[in-house]
Amino acid sequence: MQPEQATSAREKEAIEHVRKLKGFYQHLITYLIVIAGLLIANLILIPEYLWSLWAALGWGIGIASHAVRTFKPFTLFGPEWEKKQVEKRMEKK
């Protein structure tokens with residue numbers, strides 16, 4: 001691979017990651033604003049029952065999923081796992 005191509009590939013990867021970050025943070029801010037609005041409406045209209053928590057929980061699961069895809073805190077079957085599996089197969093033969 002040419003140095004220019006490597007830099008270009010790394011730049012594209014970095015740009016894609018920044019776009020994913022931006023999307024996640026926009027999603028998070030929207031979540032916080034909407035859930036705060038729902039909570040306020042809930043407390044004003046029906047303070048006896050906090051139905052807004054169900055919306056917060058449901059959407060919160062979506063936020064958590066988005067965070068895992070964006071930040072990748074763990075990878076179950078990632079490149080390291082693949083490498084170990086290939087090495088195991090190579091040792092057997």
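Modeller: Start with a term. A nonpolar patch joins nonpolar side chains within 5 Å, taken from residues with over 30% relative accessible area and no salt bridge. Keep in mind that this model is predicted.

Biologist: Which residues form a nonpolar patch on the surface here?

Modeller: Ile-40, Ile-44, Leu-45, Ile-46, Tyr-49, Trp-54, Leu-57 and Ile-61 do. Together they have about 930 Å² of accessible area. Helix H1, residues 3–45, gives two or more residues to the patch, and so does helix H2.

Biologist: Take one member. Where is the place of Ile-46?

Modeller: Ile-46 sits in the loop between H1 and H2. Its relative accessible area is 38%, so Ile-46 is partly exposed.

Biologist: What is the mean confidence in the helices where it is lowest and highest?

Modeller: Begin with the whole. The protein chain averages a pLDDT of 90. At least 70 is the score of 92% of the residues. Then go helix by helix. Confidence is highest in helix H2, residues 52–71, at a mean of 96. It is lowest in helix H3, residues 79–92, at 84.

Biologist: Now the rings. How many aromatic pairs does the count come to?

Modeller: Rings pair if their centres lie within 6.5 Å, and planes over 60 degrees apart count as edge-to-face. Here the count comes to four aromatic pairs. One of them is Tyr-25 with Phe-71: the ring centres are 6.4 Å apart and the planes stand at 65 degrees, so this pair is edge-to-face.

Biologist: Which parts does the pair of Tyr-25 and Phe-71 tie together?

Modeller: Tyr-25 belongs to helix H1 and Phe-71 to helix H2, so the pair ties together parts 46 residues apart in sequence. Ring pairs also bring in Phe-24, which joins Tyr-25 and Phe-71 in a cluster.

Biologist: Is Tyr-25 exposed, partly exposed or buried?

Modeller: Buried means under 20% relative accessible area, and exposed means over 50%. Tyr-25 has 42%, so it is partly exposed. Phe-71 has 39%, so Phe-71 is partly exposed too.

Biologist: Let us step back along H2. How does Thr-70 count at 5% relative accessibility, buried or exposed?

Modeller: Thr-70, in helix H2, counts as buried because its relative accessibility is 5%. Setting aside neighbours within four places in sequence, Thr-70 is in contact with His-17, Lys-20, Leu-21 and Phe-24.

Biologist: And what of Arg-69 at 52% relative accessibility?

Modeller: Arg-69 is in helix H2 as well. At 52%, Arg-69 counts as exposed.

Biologist: How far apart in space are Glu-48 and Ile-29?

Modeller: Read sequence distance and space distance side by side. Glu-48 and Ile-29 are 19 residues apart in sequence, and their C-alpha atoms are 27 Å apart. Glu-48 lies in the loop between H1 and H2. Its relative accessibility is 69%, so Glu-48 counts as exposed.

Methods: Residues numbered from 1 in each chain as written. Predicted model: local features only at pLDDT ≥ 70, side-chain atom pairs only at ≥ 80, totals over all residues. Heavy atoms only, no water. pLDDT = per-residue confidence, 0-100. Helix = DSSP H or I, 4+ residues; strand = E, 2+ residues; numbered from the N terminus. Patch = residues over 30% accessible without salt bridge, like charges linked within 9 Å, V, L, I, M, F, W, Y side chains within 5 Å. Areas by Shrake-Rupley, 256 points an atom, 1.4 Å probe, with all protein chains shown as cover. Salt bridge = Lys/Arg side-chain N within 4 Å of Asp/Glu carboxyl O. Buried < 20%, exposed > 50% of the residue type's maximum accessible area, 1.4 Å probe, protein only. Phe/Tyr/Trp six-rings, centres within 6.5 Å; stacked < 30°, edge-to-face > 60°. Contact = heavy atoms within 4.5 Å.
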